[in-house]
Amino acid sequence: VQESAEDHPVEAGIGRRQLAGLFAAGAVGALVGGTVAASASADRAPAPNSASLGDVGARTIAFRGEHQAGIVSPYRPQAHGWVAAFDLEPGVTRDGLRDLLQRWTQAAESLTAGRSLGAPDDAVVAGLGPAALTVTVGFGPSIFGKAGLAVSARPEALASLPAFAGDALDPALCDGDLGVVVAADDPVVVAHAARVLGRLAAGAAHLRWQLSGFNAARGVGSEIATGRNLMGQVDGTNNPQPADVDFETKLFAGSSAPAFMRGGSYLVVRRIRMLLDNWDGLAQAQKERFVGRRLSDGSPLTGSGERTPVDLGARGADGSLVIDANAHIRLAAPSSNGGAAMLRRGFSYVDGPAQGLLFLAWQADPRHGFIPVQQRLAGNDLLHTVLRHESSAIFAMPGGTGAGGYLGQSLLESL
Ligand code: HEM
């Protein structure tokens, strides 16, 4: 991994050699090639009571860089996440939207570095540290046509998602003008950042919906193991890996994208309820047939070991496919979808009696990522018989911002 101090340097808690090991194992969400620095950054201001911060609390992920923080990170996904959509208040001007993005940028930069905002609620996170806080912000399709943003400025890739077979969407949990993902290894840090963003939006935008989720706590289990979802499956194995030559082009929009999206990524959010009573009622062999991988260690049914390449053509002694024709990993695989790929990096959730996956997929273009894959999965995927998609949104998360800039600046100032 080549180093650059600019893009999301790792500033505490883990060494470069250790990171290289993580990437070699392919178990960490991902990291853009050429973007890790393990040295302490000089501009990181001490958090309140930093002398007593624990290892988990002290971790920082730099806010500024070529890509927004929170899409790819050197660590496994943070333990707590908050995903929200905001709608602009009627009549908000382009200046109003610009001011909001500037306020959010400023606050995100401070909070992610562990600096206090000088606000009355600073005490909420006193002594906690940033805990690898990331704040990632973007635009929904509906914002174009509002706040002086021309409809024609909307990237073609940012169309509302089509309806998929079996969708059971709650409109109150869908879409939105602005999308925000906040993640950290501490739930108080996440709640505080969410509250700060909401407070700073006042007068310009209001919360449309919010969804919270979690992963295994930092320090519990192996840092390099792929996480498990609430069905117990090892989930994330065949994500694009930083070592892939086309990793960047799968994840981030390139030079043909509108200026504000260069280095940006499209985020698809789906809250997917797991019908766990039905799932629990299945025999283990059926569960593994639905996915095409073993529950014990995530290995494909065609081989041993999580990382063994999947052999979709393999047949058993009776001539039938070892990985079912409608198994999740067959239907979702890039080879079944014209190369369509995405980085899946979500959170589990609990909402009353419901549990499931707050599915987040990042990609350079959803038309060559989530959309064709979900079209194939919906109505065919064995796994989808025990899933229900209840929430849906898409956002264009612009490229990162350098010193002094604000998120979305080239969109706001290009028209
Ligand atoms: C609650 C819903 C879902 C669950 C529990 C689930 C679970 C899994 C599991 C266990 C794997 C195998 C391990 C891995 O490679 O990560 C997997 C693979 C994958 N899933 Fe899902 N998944 C869900 C929804 C979706 C959706 C909605 C999409 C996209 C539309 C998707 C796309 C993929 C892809 C692209 C792979 C990798 C396939 C490959 O190349 O081998 N999944 N999923």
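Is Arg 195 buried or exposed in this model? Arg 195 counts as exposed, because its relative accessibility is 52%; exposed means over 50% relative accessible area, buried under 20%, and partly exposed in between, with a 1.4 Å probe and protein chains only. Arg 195 sits in helix H4, residues 187-201.

Some ground rules. This is a predicted model, where local features need pLDDT of at least 70 and side-chain atom pairs count only at pLDDT 80 or more, while totals for chains, interfaces and linings use all residues. Residues are numbered from 1 along each chain as its sequence is written, and side-chain values use heavy atoms, with hydrogens and water left out.

Now the chain as a whole. The protein chain has 415 residues, of which 55% count as buried. There are 10 helices and 9 strands; these are DSSP runs numbered from the N terminus, with helices being H or I of at least four residues and strands E of at least two. Taking contacts with a separation of 6 or more, 80% are between residues 24 or more positions apart, where contact means heavy atoms within 4.5 Å.

On confidence, the mean pLDDT is 89, and 87% of the residues reach 70 or more; pLDDT is the predictor's confidence in each residue, from 0 to 100. Over residues 1-7 the pLDDT is below 50, and this stretch has 21 contacts beyond near neighbours in sequence. Residues 10-51 also stay under 50, and for them the model has 106 contacts beyond four places in sequence.

Next, the ligand. It is surrounded by 27 residues, the closest being Gly 236, Thr 237, Asn 238, His 328 and Arg 344; a residue is near if one of its heavy atoms lies within 4 Å. For Thr 237, a backbone N or O atom is 3.0 Å from a ligand oxygen. Elements giving two or more residues to the shell are strands E5 (265-274), E8 (354-363) and E9 (387-397), and helices H8 (328-332) and H9 (370-377). Helix H9 gives the most, with 4 residues. By class, the shell has 16 nonpolar, 8 polar and 3 charged residues.

What is the protein donor of the iron atom? His 328, through NE2 at 2.0 Å, is the only one; donors are N, O and S atoms within 2.8 Å of the metal, or 3.2 Å for Na, K and Ca, and water is not among the atoms, so sites may look incomplete. His 328 lies in helix H8.

Thr 226 is in the loop between strand E4 (205-214) and helix H5 (247-251), and counts as buried because its relative accessibility is 14%. Its side chain makes polar contacts with the side chains of Glu 306, at 2.7 Å, and Arg 307, at 3.2 Å. A polar contact is a pair of N or O atoms within 3.5 Å; within protein, one must be able to donate a hydrogen and the other to accept it, and residues adjacent in sequence count only if both atoms are side-chain atoms.

Ser 299 is in the loop between helix H7 (284-291) and H8. Ser 299 is buried, with a relative accessible area of 1%. The side chain of Ser 299 makes a polar contact with that of Asp 297, at 2.7 Å. Beyond four places in sequence, Ser 299 touches residues including Gly 292, Arg 293 and Glu 306.

Methods. Ala, Val, Leu, Ile, Met, Phe, Trp, Tyr, Cys and Pro count as nonpolar, Asp, Glu, Lys and Arg as charged, and the others, Gly among them, as polar.
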